[in-house]
Amino acid sequence: MRYSIIVPVYNRPDEVDELLESLTKQTLKDFEVVIVEDGSIKPCKDVCDKYASILDLHYYAKENSGPGQSRNYGVERSNGDYVIILDSDVVLPNGYLQAINWQLAIGNWQLVAFGGPDAAHPSFTPVQKAISYSMTSFFTTGGIRGGKAKLDKFYPRSFNMGIRRDVYLQLDGFTKMRFGEDIDFSYRIVEAGYMPRLFPDAWVWHKRRTDFRKFFRQVYNSGIARINLEKRHPGTMKMVHLLPTVFTLGVIGLLLITLFFPLACVPIILYSTIICIDSSIKNKSLWVGLLSIPAAFVQLMGYGFGFIESWWKRCILKQDEFSLCERPEVERTAFEKNFYK
């Protein structure tokens, strides 16, 4: 078997339904699907049963441990030469697997790891389109997440990541990191001497979060992860990773100055106008353009606040990322809560 698609799931039966339906339409059929239910209160077994006769589908249920450990659980029970890691909130175009297979067939057959970009589907809600814009636009992330620009190396993310199964097992898969476990895995792939490659045509529709509150939590966790990743992989933090924090402090500073000098808010208004115009043109919707303004500020400032909290706890207070003590009352860990619950 060529490919094993691994999907950890936590309380998202409707999204799994959409993902599995898109898998039935793949032009390439040499794959299996491994669904790992990660202690869900709303299981997706009934949804999986619906597709059991159409797909080579394997469903497993386990106690909650987070997506990283659930992916490892699924890979250990898979049979493909390559494993493809997907989030449960993605939908695949019909030629997704064919695009991967074609890339491997034209001289990349020895490639160990790869990944693809994401995009907004026309059926997405205006909020989802605005959030997708904020995660891929040049004016927010520099286009790094959009599949056209990247840093010095490409690091696949867990919403769309492929790796040869034997190498996955050799590297012990994902760690127990609370946040940023997919970037940590990509770093370890590179540190092991492999070079992941971007497959621009192997893109997915990614729903991300459906409201700004959930989106804030997501990017806040990403900001937390950046400091933890630097602690694990010294030297991986780049100047671009500091920009959301600089933006956050700049916005706060301008708002404070505005209390005394109203014209100080002009840069914020100018930036918001650029976001609105650019998003309106790209999404062909003024409403999405307007929603992209709060989405951009949530994306940048959510990340910035998470980064600041993590920097304070890890670098100033010298707290550990994980609990190293059996007595909770004296633990000095930076992040106690499991955000998957």
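The legends below describe close-up views of a predicted model.

**View 1. The whole protein chain.** Eleven helices and ten strands make up the protein chain. Of its 341 residues, 52% count as buried. Among contacts with a separation of 6 or more, 77% join residues 24 or more positions apart. The chain exposes about 16200 Å², and carbon and sulfur atoms supply 60% of this area.

**View 2. The largest nonpolar core.** This core has 34 residues, and those touching the most other members are Tyr3, Leu20, Leu23, Ile35, Leu86, Tyr96 and Ile100. At least two residues come from each of strand E1 (3–9), helix H1 (13–24), strand E2 (31–38), helix H2 (45–51), strand E4 (82–86) and helix H4 (96–105). H4 gives the most, with five residues.

**View 3. The surroundings of Tyr96.** Leaving aside residues up to four places away in sequence, Tyr96 touches Gln26, Ile84, Leu86, Asn160, Ala202, Trp203 and Val204.

View 4. Helix H9 covers residues 239–258. At 1.5 Å a residue, its 20 residues should span 28 Å, and the end C-alpha atoms are 28 Å apart, so the two values agree. The buried residues of H9 are His241, Pro244, Thr245, Thr248 and Val251. An α-helix has 3.6 residues a turn, so residues three or four places apart point the same way. The buried residues of H9 pack against helix H8 (212–232), helix H10 (266–283) and helix H11 (286–316).

Technical notes: Residues are numbered from 1 along each chain as its sequence is written. This is a predicted model: local features need pLDDT of at least 70, side-chain atom pairs count only at pLDDT 80 or more; totals for chains, interfaces and linings use all residues. Side-chain values use heavy atoms; hydrogens and water are left out. A nonpolar core is a set of buried Ala, Val, Leu, Ile, Met, Phe, Trp, Tyr and Cys residues joined through side-chain atoms within 4.5 Å. Buried means under 20% relative accessible area, exposed over 50%, partly exposed in between (1.4 Å probe, protein chains only). Helices (H or I, at least four residues) and strands (E, at least two) are DSSP runs, numbered from the N terminus. Contact means heavy atoms within 4.5 Å. Accessible areas come from the Shrake-Rupley method with a 1.4 Å probe; for residues, only the protein chains shown count as cover. The expected span of a helix is 1.5 Å times one less than its number of residues.
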